[in-house]
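Trainee: I've got a new model open and I'd like to learn how to read it. Could you walk me through it?

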Amino acid sequence: MAKKMTITSIKKSKGAHPLVMITAYDALFARLFESSADMILVGDSLNMSFAGRADTLSATLSQMIYHTNAVAMGAKNSFIVCDMPFGTYINKDEALRNGIKVFQESSADALKIEGGEDKAEIVSHLCSNGIAVCGHIGLLPQAFRSEGGYKVKGKTEDEKIQLIKDAKAIEKAGAFCMVIEGVKAEVAAEVAASVKIPVIGIGAGADVDGQVLVFSDMLGLFEEFTPKFVKKYLDGASLVKEAIKSYADEVKTRAFPQDIHTY
Ligand code: KIV
């Protein structure tokens with residue numbers, strides 16, 4: 001079994017090997033992912049693919065703690081990052097109160113919070129109180145309603161300059177790594193090169209320090225929409241539907257159960 005990653009080994013991976021991060025929301029999938037992923041993210045994306053909501057904003061802290069515990073049960077040897085949901089880190093005191101709650105009530109190894117320079121003070125307050133933080137810059141899913149959709153970043157010189165400022169501010173505040181989402185590839189590469197901590201991309205091209213995907217997207221289970229940056233490694237939805245249809249057909253024709261399934 002591979003050794004569990006630590007903050008130190010994650011930081012040291014920069015320049016040595018790309019980090020593999022994948023989301024999981026339950027013990028069943030987490031157990032299946034454990035041997036191949038360096039880090040498991042209990043993303044608030046669970047509010048969409050698991051809970052069926054239109055965006056991530058209505059995820060709650062208790063849901064995140066519940067799912068983080070489920071993932072930790074399935075992947076005892078994985079480095080687990082719990083996403084802080086919308087509205088739980090609006091200032092440094094709230095962030096610390098909620099961060100402590102997650103750390104006390106789950107075995108999350110780190111928290112992820114969305115935002116750049118504007119969240120540096122919060123990141124610093126969490127880090128100086130013993131909470132490891134993974135940043136998240138670029139396209140911020142929690143800004144879906146305020147920005148009127150998912151907006152790719154890094155399209156202008158000003159946006160590029162801001163992204164580099166964001167990354168540097170998050171690094172200076174003490175984050176051990178960060179996610180960069182929905183950013184033009186050449187800009188994401190410059191951002192990654194501007195800091196010493198790993199920058200893990202999603203929709204940010206290949207020249208960053210690792211990749212993260214939402215598992216239900218890459219397994220082809222989430223059918224509502226597929227972002228351009230997702231590669232489907234499995235046509236999960238078709239396979240599941242075929243299997244359920246076979247089961248239903250066999251129940252209806254009494255082909256299942258057979259003697260081997262019978263006591
Ligand atoms: O919630 C999530 O799954 C995420 C990823 C998109 C990085 O934040």
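Predicted model: local features only at pLDDT ≥ 70, side-chain atom pairs only at ≥ 80, totals over all residues.

Trainee: Which residues are around the ligand?

Mentor: For that you look for heavy atoms within 4 Å of the molecule. Here that gives Thr23, Leu41, Gly43, Asp44, Ser45, Asp83, Lys112, His136, Glu181, Ile202 and Val214. Sort that shell by type and you get 3 nonpolar, 4 polar and 4 charged residues.

Trainee: And which polar side-chain atom lies 2.5 Å from an oxygen atom of the ligand?

Mentor: A polar contact is a pair of N or O atoms within 3.5 Å. The one you're asking about belongs to Ser45. Asp44 also has a polar side-chain atom 3.0 Å from a ligand oxygen, and for an N or O atom in the side chain of Asp83 the distance to a ligand oxygen is 3.1 Å. As for cover, the ligand has 260 Å² of accessible area on its own, and the protein covers 96% of that.

Trainee: Where does the ligand sit?

Mentor: In the largest pocket.

Trainee: On to the rings. How many aromatic pairs are there?

Mentor: You count rings whose centres lie within 6.5 Å of each other. That comes to 8 aromatic pairs. Some of these chain together: Tyr25, Phe29, Phe33 and Phe215 are linked into a cluster by ring pairs.

Trainee: What about the backbone: which residues does a cis peptide bond join?

Mentor: Between Phe256 and Pro257 omega is about 0 degrees, a cis peptide bond. Pro257 is in the segment after helix H11, which spans 236–253. Arg254 is also in the segment after H11, and its phi is positive, near 65 degrees, in a residue other than glycine.

Key. Residues numbered from 1 in each chain as written. Heavy atoms only, no water. Polar contact = N/O pair within 3.5 Å; in protein donor to acceptor, adjacent residues only side chain to side chain. Areas by Shrake-Rupley, 256 points an atom, 1.4 Å probe, with all protein chains shown as cover. 1 Å grid on protein atoms, 1.4 Å probe; cavity = no way out; pocket = protein on both sides within 12 Å on 5 of 7 lines; lining within 4 Å. Sits in = over half its atoms within 2 Å of the grid points. Nonpolar A, V, L, I, M, F, W, Y, C, P; charged D, E, K, R; others polar. Phe/Tyr/Trp six-rings, centres within 6.5 Å; stacked < 30°, edge-to-face > 60°. Helix = DSSP H or I, 4+ residues; strand = E, 2+ residues; numbered from the N terminus.
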